Amino acid sequence: MIYFTGDTHREQDVAKINPDDKFPKGKELTSDDYLIVMGDFGFVYDGGKGDKFWLDWLESLPWTTCFIDGNHENFDLLNQYPQEQWHGGQIHRIRSNIVHLMRGEIFDIDHVRCFCFGGAPSHDAQYRVSNVNWWQEELPTMEQMKHAMHTLDKVGWKVDMVLTHEVFESHELATKYTTNMDNYGPEYFDCKLFLDEIEKKLDYKVWLHGHYHTDQVYQSPSNKPCISLFNRVITLEEIEKIKGE
Ligand SMILES: [Fe+2]
């Protein structure tokens, strides 16, 4: 079974997936169960004792943890992990049962076809220090967007789910923060407009995202449910129930 949740920020918001805290059913899961975090995973951040302690803990849990990247990841460290093909798409292998679902890849996870595209702008980028607690790689490049289009071309623009950190431009949350592109190099793009193109063109059933630290449901322009995740940890069956909220 697959479980989906929002930002964990390493230990800061991890109680929702802690089997000894708010996720007791986690004790019964196996490596054939998947928990997917919608970005701001945060367990690859300081590269030191803190990350090691929390990655050791996460690796000790019985399920397979997957995450897309958000805007609070250390991309210098993340990009050093070995890349491999996993369930149909490219991942960074973080630990034996922890994988980073890379941008523009499609994965077949428990018979569900998921298109993944991490990344989002930090609204407080001007107060952060580049390559210390902020990375311009949080936004996608044209190359990554082209790669995503190519991947979708190969499956005829039909998937089951879209998993992102950011929302598409026409989503009601898209105007919550403004993005100052002066903080980024010329090869980086705010991904909302790109995601809007995807939303209009792609045949999918449900879109899940993180970033906004809220749990809500929004009906997309193409009349499909877009579920914002933060504290909820939900299964596909639960998604069916909350789609109409
Ligand atoms: Fe976050």
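Student: How many disulfides does a search of the whole structure find?

Tutor: A disulfide is read from the distance between two cysteine sulfur atoms, with a cut-off of 2.5 Å. In this predicted model, the search of the whole structure gives 0 disulfides. Take C114: the nearest cysteine sulfur belongs to C116 and is 5.8 Å away, and C114 is in no disulfide. For C191 the nearest cysteine sulfur is that of C226, at 13 Å, and C191 is in no disulfide either.

Student: Are C114 and C191 buried or exposed?

Tutor: Buried means a relative accessible area under 20%. C114 has 0% and is therefore buried. C191 also counts as buried, at 0% relative accessibility.

Student: Where are D7, H9 and D40 found, and are they buried or exposed?

Tutor: D7 is found in the loop between strand 1 and strand 2, and its relative accessible area of 0% makes it buried. H9 is found in the loop between strand 1 and strand 2 and, at 12% relative accessibility, counts as buried. D40 is found in the loop between strand 2 and helix 1 (49-59); at 1% relative accessibility, D40 counts as buried.

Student: How far apart are D7 and H165 in sequence and in space?

Tutor: Such a contact is read by setting the separation along the chain beside the C-alpha distance. D7 and H165 are 158 residues apart in sequence, and their C-alpha atoms are 8.7 Å apart in space. Another pair is E28 and P62: 34 residues separate them along the chain, and 7.9 Å separates their C-alpha atoms. E28 is in the loop between strand 1 and strand 2 and counts as exposed, at 66% relative accessibility.

Student: How many aromatic pairs does the count come to?

Tutor: Each pair is read from a centre distance and an angle between planes. The count comes to 15 aromatic pairs. One of them joins F53 and W54: the centres are 5.1 Å apart, the planes are at 80°, and the pair is edge-to-face. F53 counts as exposed, at 52% relative accessibility. In Y177 and Y212 the ring centres are 5.8 Å apart and the planes at 10°, so this pair is stacked.

Student: Which parts does the pair of Y177 and Y212 tie together?

Tutor: Y177 lies in the loop between strand 9 (161-164) and helix 4 (192-201), while Y212 lies in the loop between strand 10 (206-209) and strand 11 (216-219), so the pair ties together parts 35 residues apart in sequence. Y177 is partly exposed, with a relative accessible area of 25%, whereas Y212 counts as buried at 2% relative accessibility.

Student: Which residues do ring pairs link into a cluster, and where does the charged end of K201 sit?

Tutor: Ring pairs link Y3, F23 and W63 into a cluster. A charge over a ring is a separate feature: the charged end of K201 sits over the ring of W157, 4.1 Å from its centre.

Student: Which residues touch the most other members of the largest nonpolar core?

Tutor: A core is read through the contacts among its members. The largest nonpolar core has 26 residues, of which F4, L101 and L208 touch the most other members. Elements giving two or more residues to this core include strand 1 (2-5), strand 6 (98-101), strand 10 and helix 5 (236-242). Strand 8 gives the most, with 3 residues.

Conventions:
Residues are numbered from 1 along each chain as its sequence is written. This is a predicted model: local features need pLDDT of at least 70, side-chain atom pairs count only at pLDDT 80 or more; totals for chains, interfaces and linings use all residues. Side-chain values use heavy atoms; hydrogens and water are left out. Buried means under 20% relative accessible area, exposed over 50%, partly exposed in between (1.4 Å probe, protein chains only). Rings of Phe, Tyr and Trp (its six-membered ring) pair if their centres lie within 6.5 Å; planes under 30 degrees apart count as stacked, over 60 as edge-to-face and the rest as tilted. Helices (H or I, at least four residues) and strands (E, at least two) are DSSP runs, numbered from the N terminus. A charge sits over a ring if NZ of Lys or CZ of Arg is within 6 Å of the ring centre and within 35 degrees of the ring normal. A nonpolar core is a set of buried Ala, Val, Leu, Ile, Met, Phe, Trp, Tyr and Cys residues joined through side-chain atoms within 4.5 Å.
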